[in-house]
Every structure is written in C-alpha cells, then in structure tokens.
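These entries record what I looked up in the structure shown below. I kept them in the order in which I consulted the model.

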Amino acid sequence: RAGAPDAAIVSETLARTLWPDRRAVDEQLRMAPPAGSTDAPRSLVVVGVAGDVRHSHTDAELSDVYLPLAQGPAPTVFAYLRMSGSPPEAGRGIRDAIAAIDGDLALGTLRPLAEILDQQRAAPRFLAGLLVVFAALAVALSLIGIYGVIAYAVRQREREIAIRMAVGAAGRDVLAMFLRQGAVVLACGLTLGVLAAIGLGRVLETQLFGVEPAEPAVLATMTLVFAACGLAAIAWPARTAA
C-alpha cells in the first residue's frame, strides 16, 4: 500500500540469478530509475517470487520485477476482465463503472483477449507457415536430386554388373552388393545431415518459441524417408540391370 516500504515481486529466473544460494524473500533490491529520469534509484524489499512469464513469442529474458501500483502509479493501466455478457454490454458496464470512480479518466479500446492474442501470433504463424512450405520444397528437391544422382551412378556400372553375371554371379548377389556399398555412403551422408539439422535448429529456436534444436520424431522420420529414397535409387536400377 502507499506509505509502506517499497515492495516488489521478482520472477523465478531473477531470484535464482541474484540469490542463487538463499531465499529471495526479504532481500533488498535496488532498481535504477527509468531512462531519462532524474530520480534516485529505489530500494525495494522482495515480498514474493512469481513464476516466469513470456511477454511475447520471442521473449528470452525472463528476469522480471513486479511493482505494486499503489506505490508507483502509472499513466496507463491495462486491465484484463472476465466478461459475463456480450462484449458491447460488458463494455458499457466497464465504462459506467470507471466514470463512477472518476469521470475524467480516459478509457481506451476494449478488445477480446482472443483478438489480442491472434494479432500477436500472426507474425510467428506466418513465419512458421513459410518455413513449412520452404522446408517441404527443400525436402522434395533433395529427394529428387538424391534419387537421380544415385540412380545415375548405379546405371554407370551396368557393364560391371553384366561382367559379374557373365562369370556366374546371381542377380540377388549383385543387388545385395550394391545395397551394402550404398548403405555405407547413405549412413555417412545421413549422419552429417542430422548433425547439420541440429545445428540449424538452434537458429530456428531463436525465431520461433517452442522449437527444439533436435526434434527426435522429425529427425527420425526424415532420416527414414531419405534412407528409403537412397536405397530405392540403388536397388531399382541395379535390379533392372541384373
């Protein structure tokens, strides 16, 4: 309340950062004044610790301080209210209630929380959609390219296949040999690809909230898809030549 010692609630991250080996409650916190202000730094007593909150989809700084409005009035206040009626009816009720307190207070736009959240999520959703489209195109082009290059390399060895079969090799033995040799190359390529994907995932992590650098299900699925494409590119031309 006004007149009491200045108090503050800190986030869990800030509490761990400033007081890693003791409780944050009852500790003193000195806060610098806002930029451009000539006020002296404030000395606050920590009265509680709150859970970490992300204020936007890219918010990585979770060191927050909450100050009581009674001890530091602000020129603008945002209020979140649960409405019991339709938005127009609730809006009129809110305006009447504020006018009854102080007729000179200016009330800004009243908007449903869902609308505010949709606006905040529009940009990351658009970015995510673009990434999905480009990723799908990249996967398709990669699969086509891999199949074409490997199949061409196998076709180049048709003469070798003919010679092996002429001296008594069975078709299944030739096919098994090509699959063994191709599997080694595929394993090396897939290993390098997975490592590169994990590295690039760290870049996406800074752009989209909730993206993990290594998604096991995604990596496993794409590894199986590329492996199947590579093996098919080896097996079909080799079987046809045999």
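**Entry 1: α3 and α6.** I first asked how α3 and α6 lie relative to each other. The model is a predicted one, and in it the axes of helix α3 (residues 113–155) and α6 cross at roughly 30°. Angles under 35 degrees count as roughly parallel, and α3 and α6 are therefore roughly parallel to each other. I noted that the two axes come within 8 Å and that the crossing of α3 and α6 is right-handed. I then listed the residues in the contact. From α3 they are V139, S142, L143, I146, Y147, I150, A151, V154 and R155. From α6 they are M222, V225, F226, C229, G230, A232, A233, I234, W236, P237, A238 and T240. Sorted by class, the contact of α3 with α6 holds 17 nonpolar, 3 polar and 1 charged residues.

**Entry 2: α4 and α5.** I next looked up helix α4 (residues 158–166) and helix α5 (residues 171–205), whose axes come within 10 Å and cross at roughly 140°. That angle makes α4 oblique to α5; the cut-off for roughly antiparallel is over 145 degrees. I recorded the crossing of α4 past α5 as right-handed. On the α4 side the contact involves E160, I161, R164 and M165, and these meet G171, V174, M177 and F178 in α5. By class, I found 5 nonpolar, 1 polar and 2 charged residues in the contact of α4 with α5.

**Entry 3: the sheet.** In what order do the strands of the open sheet stand? I read the order as β2-β3-β1-β4, with 4 strands and mixed pairing. Which strands stand at the edges? They are β2 (28–31) and β4 (65–66); each has a single partner strand, so one side of each is left without a neighbour in the sheet.

I then followed the pairing of β3. Strand β1 (residues 7–11) and strand β3 (residues 42–50) pair in the parallel sense over 5 bridges. Within this pairing, I9 has G48 in β3 as its bridge partner, and S11 has A50 in β3. By contrast, β2 and β3 run antiparallel and are joined by 4 bridges. I also noted that M31 stands opposite R42 in β3.

**Entry 4: P213.** I located P213 in the loop between α5 and α6 (216–241). Is P213 buried or exposed? Its relative accessible area is 15%, and the cut-off for buried is under 20%, so P213 is buried. Leaving out residues up to four places away in sequence, I found that P213 touches A197, I198, G201, R202 and E205. I also looked up the separation of P213 and V203: they are 10 residues apart in sequence and 8.1 Å apart in space, C-alpha to C-alpha.

**Entry 5: L204.** My last entry concerns L204, which is found in helix α5. L204 has 34% relative accessibility and counts as partly exposed. Apart from neighbours within four places in sequence, L204 is in contact with L131 and V211.

Note on methods:
Residues numbered from 1 in each chain as written. Predicted model: local features only at pLDDT ≥ 70, side-chain atom pairs only at ≥ 80, totals over all residues. Heavy atoms only, no water. Axes fitted to C-alpha atoms, helices over the stretch in contact; angles between N-to-C directions. Helix = DSSP H or I, 4+ residues; strand = E, 2+ residues; numbered from the N terminus. Parallel < 35°, antiparallel > 145°, perpendicular 65-115°, else oblique. Left-handed = near helix turned anticlockwise from the far one by under 90°. Contact = heavy atoms within 4.5 Å. Nonpolar A, V, L, I, M, F, W, Y, C, P; charged D, E, K, R; others polar. Pairing = 2+ DSSP bridges. Buried < 20%, exposed > 50% of the residue type's maximum accessible area, 1.4 Å probe, protein only.
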